[in-house]
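Colleague: I would like to go through this model with you, starting with one residue and its surroundings. Could you take my questions as they come?

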Amino acid sequence: MNVLVDHSHSRGAPVVLEDNPFYQNLVGRAEHIAQMGTLVTDFTLIKPGALHRANGGYLVLDARKVLMAPMRGRA
């Protein structure tokens, strides 16, 4: 089972403050490792973004930071 974020032990709605609203910080990323000269990934290397962590709760962003550099950090 691949669970990105588990809120089963939390009380109330999650509140996530994202201070660096880069693309990868908001939507997550799939990391990779070098193995025998090639880059590989699997489900354990999927990292959740702020949108996943705030699912069912609140995501707090600084609108100025989002609007000043909309494509910052996007691959």
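Colleague: Leaving aside neighbours within four places in sequence, which residues is Glu18 in contact with?

Modeller: With those neighbours left aside, Glu18 is in contact with Asn25, Leu26, Ala50, Arg53, Leu59, Val60 and Leu61; contact means heavy atoms within 4.5 Å. Please note that this is a predicted model, in which local features need pLDDT of at least 70, side-chain atom pairs count only at pLDDT 80 or more, and totals for chains, interfaces and linings use all residues. Residues are numbered from 1 along each chain as its sequence is written, and side-chain values use heavy atoms, with hydrogens and water left out.

Colleague: Where is Glu18 placed, and is Glu18 buried or exposed?

Modeller: Glu18 lies in strand E1; strands (E, at least two residues) and helices (H or I, at least four) are DSSP runs, numbered from the N terminus. Glu18 counts as buried because its relative accessibility is 9%. Buried means under 20% relative accessible area, exposed over 50%, and partly exposed in between (1.4 Å probe, protein chains only).

Colleague: What does the side chain of Glu18 pair with in a salt bridge?

Modeller: Its partner is Arg53, with the closest N and O atoms 3.2 Å apart. This pair links distant parts of the chain, 35 residues apart: Arg53 is in helix H2 (residues 50–53) and Glu18 in strand E1. The rule for a salt bridge is a side-chain nitrogen of Lys or Arg within 4 Å of a carboxyl oxygen of Asp or Glu. Arg53 is partly exposed, with a relative accessible area of 29%. A polar atom of the Glu18 side chain also lies 3.4 Å from the backbone nitrogen of Asn20.

Colleague: How many salt bridges are there by this rule?

Modeller: The count comes to three. Asp19 and Lys65 meet in one of them, at 2.8 Å from N to O. Here too the pair links distant parts of the chain, 46 residues apart, with Asp19 in the loop between E1 and helix H1 (23–27) and Lys65 in helix H3 (residues 63–68). Asp19 is partly exposed at 48% relative accessible area, and Lys65 is partly exposed at 28%. Glu31 and Arg29 also meet in a salt bridge, at 3.3 Å from N to O.

Colleague: What do Val15 and Leu17 form on the surface?

Modeller: Together with Tyr58 and Val60, they form a nonpolar patch with about 440 Å² of accessible area. Strand E1 (15–18) and strand E6 (58–61) each give two or more residues to the patch. Patch residues have over 30% relative accessible area and no salt bridge, and nonpolar side chains (Val, Leu, Ile, Met, Phe, Trp, Tyr) are joined within 5 Å, like charges within 9 Å. The areas come from the Shrake-Rupley method with a 1.4 Å probe, and for residues only the protein chains shown count as cover.

Colleague: How many bridges join E1 to E6?

Modeller: Four, and the two strands run parallel; strands pair if DSSP finds at least two bridges between them. The bridge partner of Val15 in E6 is Tyr58.

Colleague: A change of topic: where is Ile33?

Modeller: Ile33 is in strand E3 (residues 33–35). Ile33 is partly exposed, with a relative accessible area of 42%. Leaving aside neighbours within four places in sequence, its contacts are Thr38, Leu39, Val40 and Leu45. Ile33 and Leu45 are 12 residues apart in sequence and 8.8 Å apart in space, C-alpha to C-alpha.

Technical notes: A polar contact is a pair of N or O atoms within 3.5 Å; within protein, one must be able to donate a hydrogen and the other to accept it, and residues adjacent in sequence count only if both atoms are side-chain atoms.
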